[in-house]
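Thanks for coming, everyone. I have one structure to walk through today. Have a look at it first.

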Amino acid sequence: MTDVETIGAAVDRFLAGERTLALTALVLKSSGDAQERLCRAACASRDAHFPARTVEVRSVLEVSNVCRQRCRYCSMWEAEGSPRYTLAGEAIAAIADGVYARGRRVLMLQSGENPSPAFVSHMAAAVSRVKAAHADLRLILCLGSLSLEQFRELRQAGAERYILKFESSSPELYHSVKPSDTLGHRLAAMEAALESGFLLGSGSIVGLPQQRLEDVAADLLCTTRWRLGMVSASVFVPGERSGFAAEPPGDVNLTLNAMAILRLLNPDCLIPSTSSLDRIEPGAQLRGLRAGANTVTIHDGTPDELKAAFPIYSSQRIMPREVYLRELVQRAGLQWAEEALK
Ligand code: SF4
């Protein structure tokens, strides 16, 4: 058999339910007809579980750039000496009012990892305030690893969802990209977030330096270990001021194949198609929706003057506007959801 035939046969076996590591790694190499079949099956799986064919739309507000981690792909911590900020509760509430008025019903509050009791209590108070004003605004928190008590405090304040990515299921690879953390610590935090009652989102990065195809496959297969409501396979984008600045970005086709596999493994999860795909290859965010994704993000929460102070990947990152995203959703044959999907 040629390589193309071998990969095509692997896709058939995967779609028939065979889910071994070696087979999944082969499926990740799909291109041409095999990739089309994989993506068609992923979309069929999504549409069976989300029959209205809607795409969840999230606003993001970067509430603070204070962070105790030192991720090697992130430009934020490299900016030593640059201004650190934490938005006041009034500012968070006012921005939430604004995104709600624009029709958004899902808001993600994101920050660096800062488990100080003062910051977590500050966030809990902000969450309570936003929920008191907009009970139907679904709140996603993305604040890094916290303790069970801290997750409970935030959940009791009214936030419904939490995103905590495991990044890589290989302890060595995880530690090499996050030298200030361990995979065990991150997995324990994921369990704590679940135990506190959050709808949990997690996922991995595709294209990390030193990452093998089998690592990517293992990351995808392990997502079924937890009761996840949101799952992602994000393309690696080296931060321009990060320790990985000279590394090549992740491969777009590999990431799209990973997203399609994720959909088949997690048919009822929300899966994002991110603007970072477009940054590497224009048009790739649309291809993400055609690979089974059903979530897009609008960076319309963070005030313009603070956007440069939150450069996880790059100060040049693409922040698509609503009109562009609406067009993508339409071109993918999907609908713009007016409400949260979970
Ligand atoms: S990626 Fe997030 S957790 Fe890691 S250093 Fe950057 S802000 Fe901190």
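Which residues are closest to the ligand? They are Cys67, Gln69, Cys71, Cys74 and Gly112. In total, 11 residues surround the ligand. By type, that shell has six nonpolar residues, three polar and two charged. Keep in mind that this is a predicted model.

Now the overall picture. The chain has 14 helices and eight strands. Its C-alpha trace spans about 65 × 40 × 35 Å along the principal axes. The radius of gyration is 19 Å. Take the contacts with a separation of 6 or more: 79% of them join residues 24 or more positions apart.

On to the strands. How many residues of strand 5 are buried? Eight of its eight, across residues 199-206. Strand 5 has partners in strand 4 and strand 6. Strand 4, residues 161-163, runs parallel to strand 5, and three bridges join them. In that pairing, arginine 161 stands opposite leucine 199. Strand 6, residues 228-235, also pairs with strand 5 in the parallel sense, over seven bridges. There, serine 202 has valine 231 as its bridge partner. To get from strand 5 to strand 6, the chain passes through helix 9, residues 213-221. This β-α-β crossover is right-handed.

Next, strand 7, residues 295-298. In a regular strand, side chains alternate between the two faces of the sheet. Which residues of strand 7 lie on each side? Thr295 and Thr297 are on one, Val296 and Ile298 on the other. All four are buried, and both faces are covered. Strand 7 pairs with strand 1, residues 54-64, in the parallel sense over four bridges. Threonine 297 in strand 7 has arginine 58 opposite.

Arginine 53 sits in the loop between helix 3 and strand 1. Its phi is positive, about 55 degrees, although it is not a glycine. Buried or partly exposed? Arginine 53 is partly exposed, because 15 other C-beta atoms lie within 10 Å, and buried needs 20 or more.

Compare another loop residue. Glutamate 167 lies between strand 4 and helix 7, residues 171-177. Glutamate 167 is not a glycine either, yet its phi is positive at about 65 degrees. This one counts as buried, because it has 22 C-beta neighbours inside 10 Å.

Helix 6 covers residues 148-157. Its buried residues are Gln150, Phe151, Glu153, Leu154, Arg155 and Ala157. What do they pack against? Helix 5, strand 3, strand 4 and helix 8. Just after helix 6 comes glycine 158, with a positive phi of about 125 degrees.

Last stop, helix 3, residues 32-49. Alanine 34 is found there. Why does alanine 34 count as buried? Because 22 other C-beta atoms lie within 10 Å. Leaving out residues up to four places away in sequence, alanine 34 touches Ile7, Gly8 and Val11. Take valine 11: it is 23 residues from alanine 34 in sequence, but 6.6 Å away in space, C-alpha to C-alpha.

That's the tour. Questions, please.

Notes. Residues are numbered from 1 along each chain as its sequence is written. This is a predicted model: local features need pLDDT of at least 70, side-chain atom pairs count only at pLDDT 80 or more; totals for chains, interfaces and linings use all residues. A residue is buried if 20 or more other C-beta atoms lie within 10 Å of its own, exposed if 12 or fewer, and partly exposed in between; C-beta atoms are placed from the backbone. Helices (H or I, at least four residues) and strands (E, at least two) are DSSP runs, numbered from the N terminus. Two strands pair if DSSP finds at least two bridges between them. A crossover is right-handed if, with the strands pointing away from the viewer, the path from the first strand over the helix to the second runs clockwise. Two residues are in contact if their C-beta atoms, placed from the backbone, lie within 7 Å. The radius of gyration is taken over C-alpha atoms; the globule rule is 2.2 Å times the number of residues to the power 0.38. A residue is near a molecule or strand if its C-beta atom, placed from the backbone, lies within 6 Å of it. Ala, Val, Leu, Ile, Met, Phe, Trp, Tyr, Cys and Pro count as nonpolar, Asp, Glu, Lys and Arg as charged, and the others, Gly among them, as polar.
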